[in-house]
Amino acid sequence: MRPTIYVADIAKHEGQEVTLHGWLHNRRSSGKLHFLQLRDGTGFIQCVVFKGNVSPEAFHEADHLPQETSLTVTGTVKKDARSPIGYELDVKDLSVQARPAREFPLGHKEHGVAFLMEQRHLWLRSQRQQVILRVRHTVVKAIRDFFDQNGFTLVDAPIFTPSACEGTSTLFEVPYFDLGKAYLTQSGQLYMEAGATALGKVYCFGPTFRAEKSKTRRHLTEFWMVEPEVAYMDLDGDMTLMEEFVSYVVQTALAKHGRELASVLERDVSKLENVKAPFPRITYTEAVEVLQKAGHPMKWGDDIGGDEETIVASAFDRPVMVHRYPAEMKAFYFKKDPDDPKVALGCDVLAPEGYGEIIGGGQREDDLAVLEAAIAHHQLPREAFEWYLDLRRYGTVPHAGFGAGVERMVAWICGLHHVRETIPFARMMERITP
Ligand code: 4AD
Ligand code: MG
């Protein structure tokens, strides 16, 4: 068995008799006509069952099928100006694959998010979730295409790691045979730095894990991150790569999904049209001034959290790149600015409309002695970083890269309140099922 025709391709079959396989999404009736809304994964189509065109048994059945009945429908494809897809199916025959064992818990009414998350395996069938997952698919493909077209090589980073990359407070520890313990990766960056010395321009793309104890709309404990790393690149070059990357991904998603973003997700797509490089660049110090002018009690050295990001980003109509943060608040591997060693050569890209940080990255420390001192200063276990120090012992070069979170980008592109809807099965502090 293999379906040959899908709703997405229905226009090619105007006037022809076709067989579609799917699920009943909704139905209504007006005496001699039953209207079945069929969903086949590629789209929705209205199937019109006219009393005179089908057997009496089929006509009776069509009026009694519950939502999510799986069924096969045969009929003629007719043009219909009132249909959102421009076509409907004039049904000749229908057969039921399986009736639901009980009433579908997500009927056509409003449900609370807690219930929907509990029913995530079924919630995915809604039109809204289908659109979000398709946008995610396009974002992932655009990410791969961008790096492929720019001469990057994919280098997969390990998921079990011996040490912390992004601070010790968000590590997931797992038992690891006789070696004691391992951690689920927080970032593939350190491995990409090795990759860049071998292949020049590399990236990894996979799941990353953070034991985030904060319940915010931007945090998951398992999320997907793409991390490019480039040899002979400084912070400036890195920021140019960031803005070209974000522009490409957003414009690709907009070109492909602009209509469904607007019609199904009610996204104001005009806000995404501006997302084209170059992006404004401001220093952390300037960001603090923006905050202070907005009446925020922020002082130099304070962290820019989610609320502060929203205020800073709202001053711009496209993503803003904030660079040169206080070195003290940044990870051990950042290179300090030679012109002002108080600040690190790092940059965060803040999305507009309250979506906050979608990218974090920067230039890495390439001096052996300075990096050794930073590892000691952060009280990190030196042995676990010997291999990383080797990258500075053998032909060290300036290099830079970044990490972009897929879920935050998708949430922003789709205009979603919370990242939990951007990943098929979200993992958060209080959620591990379904
Ligand atoms: O800023 P972060 O922590 O940077 C790094 O991990 C670097 N090692 C990346 C690099 O330079 N190669 O995380 C990068 C991005 C964030 O900007 C955000 O988009 C996403 O990863 N992110 C999360 N997304 C969802 N849930 C979380 N808990 C996230 N933590 C980070
Ligand atoms: Mg960050």
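Helices (H or I, at least four residues) and strands (E, at least two) are DSSP runs, numbered from the N terminus. With that in hand, let us walk through the model together. It is a predicted model, in which local features need pLDDT of at least 70 and side-chain atom pairs count only at pLDDT 80 or more, while totals for chains, interfaces and linings use all residues. Residues are numbered from 1 along each chain as its sequence is written, chains are lettered from A and ligands numbered from 1 in the order in which they are written, and side-chain values use heavy atoms, with hydrogens and water left out.

Let us begin with the backbone. Tyrosine 232 sits in the loop between strand E11 (222-231) and H6. Its phi is near 60°, which is a positive value in a residue other than glycine. Two prolines also deserve a look. Proline 434 lies in the segment after helix H12 (406-414); a cis peptide bond, with omega about -5°, joins it to threonine 433.

Apart from neighbours within four places in sequence, glutamate 260 is in contact (heavy atoms within 4.5 Å) with Val131, Arg134 and Leu265. Tyrosine 203 is 57 residues from glutamate 260 in sequence, and their C-alpha atoms are 30 Å apart in space.

Next, how do two helices meet? Helix H8 (residues 284-293) and helix H9 (residues 306-313) pack at about 90°, with axes 9 Å apart. Here axes are lines fitted to C-alpha atoms, for helices over the stretch in contact, and angles run from 0 to 180 degrees between N-to-C directions. H8 and H9 are therefore roughly perpendicular to each other (angles of 65 to 115 degrees count as such; under 35 is roughly parallel, over 145 roughly antiparallel, and the rest oblique). Ala287, Val290 and Leu291 of H8 make the contact with Glu308, Ile311 and Val312 of H9.

Finally, turn to ligand 1. An oxygen atom of ligand 1 lies 2.8 Å from a polar side-chain atom of arginine 210. A nitrogen atom of ligand 1 is 2.9 Å from a side-chain N or O atom of serine 187, and a nitrogen atom of ligand 1 is 3.1 Å from a side-chain N or O atom of glutamate 212.

Conventions
Polar contact = N/O pair within 3.5 Å; in protein donor to acceptor, adjacent residues only side chain to side chain.
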